[in-house]
Amino acid sequence: MPSFISILEFLGTFAFAISGIRLASGKQIDWFGAYIIGLITAIGGGTLRDLLLDLTPFWMTNSIYFSTTAFALLATLLFKERIFKLGEALFLFDAIGLGLFTVVGITKSVDAGLPVWVSITMGTITGTVGGVLRDVLLNEVPALFKRDIYAVACIAGGLIYFLCQYLAFPSAVVETITAVSVILLRLIAVRFHLHLPVLKNNYTGEPDEKL
Amino acid sequence: MPSFISILEFLGTFAFAISGIRLASGKQIDWFGAYIIGLITAIGGGTLRDLLLDLTPFWMTNSIYFSTTAFALLATLLFKERIFKLGEALFLFDAIGLGLFTVVGITKSVDAGLPVWVSITMGTITGTVGGVLRDVLLNEVPALFKRDIYAVACIAGGLIYFLCQYLAFPSAVVETITAVSVILLRLIAVRFHLHLPVLKNNYTGEPDEKL
Amino acid sequence: MPSFISILEFLGTFAFAISGIRLASGKQIDWFGAYIIGLITAIGGGTLRDLLLDLTPFWMTNSIYFSTTAFALLATLLFKERIFKLGEALFLFDAIGLGLFTVVGITKSVDAGLPVWVSITMGTITGTVGGVLRDVLLNEVPALFKRDIYAVACIAGGLIYFLCQYLAFPSAVVETITAVSVILLRLIAVRFHLHLPVLKNNYTGEPDEKL
């Protein structure tokens, strides 16, 4: 069981790293810069979670996140054409990563004795903040704010987690159901183009003096 | 007394959340993205303060900040035209929030045994960093850097706080005078268009290799 | 010996602050905004390091970083033409700051009992993150990602640090050799225009729905 989780976590980290490296590749960034962007995409969410929970950042105790990102960069350099065309498969890895990272975030928060709504927030932060940092560093408005079912899938997964826990399922079952729910919600949202409405307004430009 | 402070803190959080949601509404962002931007605007400053002071982030122990932001989003969706035209009233709430958040930041730092200049810095961080994060996430140069009397009002308020404390005023009086000072300074600065000079230079563009 | 280090650390902080103020000066930012940008450039890296290591942020215990930045702003206002033309000398200060900040970051991490690769990461974070924050706040893609030999110099310096420690050199010698190595690597890289290759790709634009 742990080795199965480890393989999926490796794939999730790999997919998040590739998503950072891929976006960096259109921006006149060198190999090392692409590595850093990929790394921040993969570990950014969990790092903010650990800072907020006053825990040692998870990547300090295991070098696999740094080496997986190096592997992602190497794969990109060797098989660039094919990696960038791997849309479907990468998207699946990304969804798997999202599901697993969400579960890890919730579990760590529950272990720290936090209430339900904080734990769901931490699961969502773990899954999404890496991508937000990637976009901010590359000078884009974060895709998260335009791609609602991403964060919403984490929140729905969190609600399912605590429903399963309330029903007294064993923890391995709770975690599996949660991760699978997030992954399926994400796949369904993309498949059927599900979106929340955009907030429109005539107001544009910089915040004015009055606010 | 605590209920009066609570009402003002609620109004301040509400005003900061509205300022985030309002700026988000010009950027093709969906409802949930607008909620997150509003939330970060309202809680970003206090969160950085608590991380720097090694305290539990304040919003983890009380869900009112999340629900106030939800209320701000709901109000925006229901009364969009009116909310966005509420310039004067919102600006007043924002100034009230700034004054109260500054006092909270200073008080928490004094309780943690920090020196005067660090406490004033923490008060300023509490009042201003949420707006900086809002602007960075929406891909704007932060308004803070162009709207000097904003942060300067926090610093002046901090000096007044420690002057009052030196004069041995009771803490409730010190806190009230400080909050009112920040609010009045902000109102006066906007009313009379008070600005610090802009730093000009022929130098433009990206940092070059030599620096 | 400590006073020599202090002078160099002062020069490094000064150079980093100037680099922030200088970049701010092309962006319609006022004096106080320029001060904040300069301060964040100078202390941003060490602050993130201390948050990750769960230490009190270094600048809270000594006001010299705030006053050095004030001195940098004053110097800029008084001698603007000359300061902005100080390319060579400022670049030297910046390289000195980079070398010293890297050593401080590694030493703090070793003292905290962290493994070699985490310590090298912390040295690199200490030296580089301030400049990344400067660029993000001013709405630029961070120069770090395009100027590889900057972060790579920190990493190489880290490897030299642990090689010297393995050879059982006294700590003052280890630290001096490390700082000098980072500085020389940086000077050589700029002198001979050494760069890593840019990661190219046909893919451009925002991350798509599939990833």
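**Walking through the model**

Tutor: H193(A) counts as exposed because 8 C-beta neighbours lie inside 10 Å, and the cut-off for exposed is 12 or fewer. Keep in mind that this is a predicted model.

Student: Where is H193(A) in chain A?

Tutor: H193(A) lies in the segment after α8 of chain A.

Student: And what is its phi, positive or negative?

Tutor: Positive. H193(A) has a phi of about 50° and is not a glycine. Most residues other than glycine have a negative phi.

Student: What about A168(C), what phi does that one have?

Tutor: A168(C) has a positive phi of about 65°, and it is not a glycine either. Its place is the loop between α7 and α8 (171-191) of chain C.

Student: Is A168(C) buried or exposed?

Tutor: Exposed. A168(C) has 7 other C-beta atoms within 10 Å.

Student: Switching to the fold. How many helices and strands in chain A?

Tutor: Eight helices and zero strands. Along the sequence, the pattern of chain A reads α-α-α-α-α-α-α-α.

Student: What percentage of chain A is buried?

Tutor: Buried residues are 52% of the 211 residues in chain A.

Student: And the contacts in chain A, what share join residues at least 24 apart?

Tutor: 69%, among contacts between residues at least 6 apart in sequence.

Student: Now the packing. At what angle do α7 and α8 of chain A cross?

Tutor: Roughly 150°. Helix α7 covers residues 149-166 and helix α8 covers residues 171-191, and their axes come within 8 Å. The cut-off for roughly antiparallel is over 145 degrees, so α7(A) and α8(A) are roughly antiparallel to each other.

Student: Left-handed or right-handed crossing for α7(A) and α8(A)?

Tutor: Right-handed.

Student: Which residues meet there, in α7(A) and α8(A)?

Tutor: From α7(A), they include I149(A), A153(A), G157(A), I160(A) and C164(A). From α8(A), they include V173(A), I177(A), S181(A), L185(A) and A189(A). The residues of the contact of α7(A) with α8(A) divide into 13 nonpolar, four polar and one charged.

Student: And α6(A) against α7(A), how far apart are the axes?

Tutor: 9 Å. Helix α6 of chain A covers residues 116-137, and it packs with α7(A) at an angle of about 140°. That makes α6(A) oblique to α7(A). The crossing of α6(A) and α7(A) is right-handed.

Student: Who makes that contact in α6(A) and α7(A)?

Tutor: In α6(A), V116(A), S119(A), I120(A), G123(A), T124(A), G127(A) and T128(A). In α7(A), Y150(A), A151(A), C154(A), I155(A), G157(A), G158(A) and F162(A). By class, the contact of α6(A) with α7(A) has seven nonpolar, seven polar and no charged residues.

Student: Over to chain B. At what angle do α2 and α6 pack there?

Tutor: About 140°. Helix α2 of chain B is residues 31-52, helix α6 of chain B is residues 116-137, and their axes are 7 Å apart. The crossing of α2(B) and α6(B) is right-handed. Among the residues in contact are I37(B), I40(B), G44(B) and R49(B) of α2(B), with M122(B), G127(B), G130(B) and R134(B) of α6(B). The contact of α2(B) with α6(B) has ten nonpolar, nine polar and two charged residues.

Student: Next, the largest nonpolar core. Which residues touch the most other members?

Tutor: I37(A), I37(B) and I37(C), out of 182 residues in that core.

Student: What is I37(A) in contact with, leaving aside neighbours within four places in sequence?

Tutor: G20(A), I21(A), A24(A), I29(A), R134(A), L137(A), L138(A) and F145(C).

Definitions and conventions. Residues numbered from 1 in each chain as written. Chains lettered and ligands numbered in written order. Predicted model: local features only at pLDDT ≥ 70, side-chain atom pairs only at ≥ 80, totals over all residues. Axes fitted to C-alpha atoms, helices over the stretch in contact; angles between N-to-C directions. Helix = DSSP H or I, 4+ residues; strand = E, 2+ residues; numbered from the N terminus. Parallel < 35°, antiparallel > 145°, perpendicular 65-115°, else oblique. Left-handed = near helix turned anticlockwise from the far one by under 90°. Contact = placed C-beta atoms within 7 Å. Nonpolar A, V, L, I, M, F, W, Y, C, P; charged D, E, K, R; others polar. Core = buried A, V, L, I, M, F, W, Y, C linked by C-beta atoms within 7 Å. Buried ≥ 20, exposed ≤ 12 C-beta atoms within 10 Å, placed from the backbone.
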